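This briefing is written for a reader who is meeting the structure for the first time. Please keep the sequence and the model in view while reading, and look up each part as it is named.

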Amino acid sequence: MRRSIAALAAVTLLSLSACATDEPVASPSGSAPAAGSGTGDQSKFFVQADYDAELSLLTATATGPADKPWEQALNPTMVDTAKFKKKGPYKICFSNAALNNPWRQVGFKTMQAEVEAQRSRIKEFVHVDAEGKDQKQIADINDLLGKGCDALIVSPNTTATLTPAVEAACQAGLPVVVFDRGVNTKCPVTFINPIGGYGFGHVGAEFVSQKMKPGGKVLALRILPGVDVLETRWSAAKVAFDKAGVDVVGVEFTDGDPAKTKKIVDDYIQRYGTIDGVWMDAGAVAVAAVEAFQDAGKPVPPINGEDQLDFLKIWKDKNLTAIAPTYPTYQWRTPIIAALRILDGEQVSNPWKLPQPTITQDNLDQYLDANMPPLHYAMCGCTDLPGYPQRWK
């Protein structure tokens, strides 16, 4: 399968200032978080039913074009959109959480190229960057409501804080498409993302647990609290680590900073002498973690990263014991496609769950590309889009 159409990619790194105060609401299912054993209390974001559902999707068969995973859906539930049908061409507006890391930059280039590919149907595309600030994104959405948008796409900066702004957009009568990170409301026409955080966290933690010695020491590296997809990644990892009985010696936030990541890893090496496994809720600083072990003259333990090319290359070159659960950047194509279908009055799936397979040692070579930059994501799904490859270099 070609790199552009395999269902893999990286997850979101963030540089957010307000996330720590973002409190999740209770699940409508009423499921209680599982008690912690060696990894602390379970996240307030954890919902057992959602966890079970996401893990079941890891083996589900997608519907849709075999060569276009960004148009595929897992267990689709179609919703009627006839009330939004109108004549084009259209003005599509996009409120973006941020462009503050390589994953989001690659994804946005992919979205821009999808817009270009649909130029006969899109008369104007308006993008507003919230710069990782909740209050700016709230103001951005409010401003867009008066700009004559035919559809609004939102990638929320944080979950609970952006919920009222998304609800206001829905109440204004706009068809709203949310993707990447969720909000605590069902008012958008569809919520688009890959299988999600539980699937990502489970795949990485299960691999690390199985490849390290029983009862060994694991260091968990996270980005920051308060974002649903990152919280659920850790929630699933916690379940796997508790079940395996490993010793999670630290759960540390890196802020997505390579220098901070190196210092954290080095501190733990100095403190414990040996670290037997490293789990990460996002892979963009995976190379920094690997380099910390190399600098200390220590073997790199089993580790997970993502499909960022610098990690795939060091994995191959150093023969690491590694895995790359993914959060495909090709998902940035899907909101444009969804918005156009909604404005055509066509049914769309809600939620729209995209495939999320994994890069392993067996298929690693398939995703390496020496012609693309180190911070590019292998699963951009972009090789058939206008401007490839120059737009992504």
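Is helix H6 mostly covered or mostly uncovered, and how many of its 17 residues are buried? The model is a predicted one, and in it H6 is mostly covered, with 13 of its 17 residues counted as buried.

**Helix H6 and the residue after it**

- Helix H6 runs over residues 228–244, and the distance from its first C-alpha to its last is 24 Å, which is close to the 24 Å expected for 17 residues at 1.5 Å a residue.
- Gly 245, which comes just after H6, takes a positive phi of about 70 degrees.

**Helices H1 and H5**

- Helix H1 (residues 48–57) and helix H5 (residues 197–211) have axes that come within 8 Å and cross at roughly 70 degrees.
- Because angles of 65 to 115 degrees count as roughly perpendicular, H1 and H5 are described as roughly perpendicular to each other, and the crossing in which H1 passes H5 is right-handed.
- On the H1 side the meeting residues are Asp 50, Tyr 51, Glu 54 and Leu 55, while on the H5 side they are Gly 197, Tyr 198, Gly 199 and His 202.
- Sorted by class, the contact of H1 with H5 is made up of three nonpolar, three polar and two charged residues.

**Helices H7 and H8**

- The axes of helix H7 (residues 258–272) and helix H8 (residues 286–295) come within 8 Å, and they cross at roughly 45 degrees.
- H7 and H8 are therefore oblique to each other, and H7 passes H8 in a crossing that is right-handed.
- H7 brings Pro 258, Thr 261, Lys 262, Val 265, Asp 266 and Ile 269 to the contact, and H8 brings Ala 288, Ala 289, Glu 291, Ala 292, Phe 293 and Asp 295.
- By class, seven nonpolar, one polar and four charged residues take part in the contact of H7 with H8.

**Helices H2 and H10**

- Helix H2 (residues 102–117) and H10 have axes that come within 8 Å and cross at roughly 35 degrees.
- The contact joins Met 111, Glu 114 and Val 115 of H2 to Pro 335, Ile 336 and Ile 337 of H10.
- In the contact of H2 with H10, five residues are nonpolar, none is polar and one is charged.

**Arg 341 in helix H10**

- Arg 341 belongs to helix H10, which covers residues 334–343, and its relative accessibility of 24% is why Arg 341 counts as partly exposed.
- Leaving aside residues up to four places away in sequence, Arg 341 touches Glu 71, Thr 81, Glu 346, Val 348 and Trp 352.
- One of these, Thr 81, is 260 residues from Arg 341 along the chain, and the C-alpha atoms of the two are separated by 8.6 Å.

**Lys 260 and Asp 255**

- Lys 260 lies in helix H7, and with a relative accessible area of 33% Lys 260 is partly exposed.
- When residues up to four places away in sequence are not counted, Lys 260 touches Phe 253, Thr 254 and Asp 255.
- The C-alpha atoms of Lys 260 and Ala 205 are separated by 22 Å, and the two residues are 55 apart along the chain.
- Asp 255 is placed in the loop between strand E10 (247–253) and H7, and its phi is near 60 degrees, a positive value in a residue other than glycine.
- Asp 255 has a relative accessible area of 41% and is therefore partly exposed.

**Asn 319**

- Asn 319 is not a glycine, although its phi is positive at about 50 degrees, and Asn 319 is found in the loop between helix H9 (309–317) and strand E13 (322–325).
- With 61% relative accessibility, Asn 319 counts as exposed.

**Cis peptide bonds**

- The peptide bond from Gly 88 to Pro 89 is cis, with omega near 5 degrees, and Pro 89 is found in the loop between strand E3 (78–79) and strand E4 (90–96).
- The peptide bond from Asn 350 to Pro 351 is cis, with omega near 0 degrees, and Pro 351 lies in the loop between strand E14 (348–349) and strand E15 (352–354).

Terms used: Residues are numbered from 1 along each chain as its sequence is written. This is a predicted model: local features need pLDDT of at least 70, side-chain atom pairs count only at pLDDT 80 or more; totals for chains, interfaces and linings use all residues. Side-chain values use heavy atoms; hydrogens and water are left out. Axes are lines fitted to C-alpha atoms, for helices over the stretch in contact, and angles run from 0 to 180 degrees between N-to-C directions. Helices (H or I, at least four residues) and strands (E, at least two) are DSSP runs, numbered from the N terminus. Angles under 35 degrees count as roughly parallel, over 145 as roughly antiparallel, 65 to 115 as roughly perpendicular and the rest as oblique. A crossing is left-handed if the near helix is turned anticlockwise from the far one by less than a right angle, and right-handed if clockwise. Contact means heavy atoms within 4.5 Å. Ala, Val, Leu, Ile, Met, Phe, Trp, Tyr, Cys and Pro count as nonpolar, Asp, Glu, Lys and Arg as charged, and the others, Gly among them, as polar. The expected span of a helix is 1.5 Å times one less than its number of residues. Buried means under 20% relative accessible area, exposed over 50%, partly exposed in between (1.4 Å probe, protein chains only).
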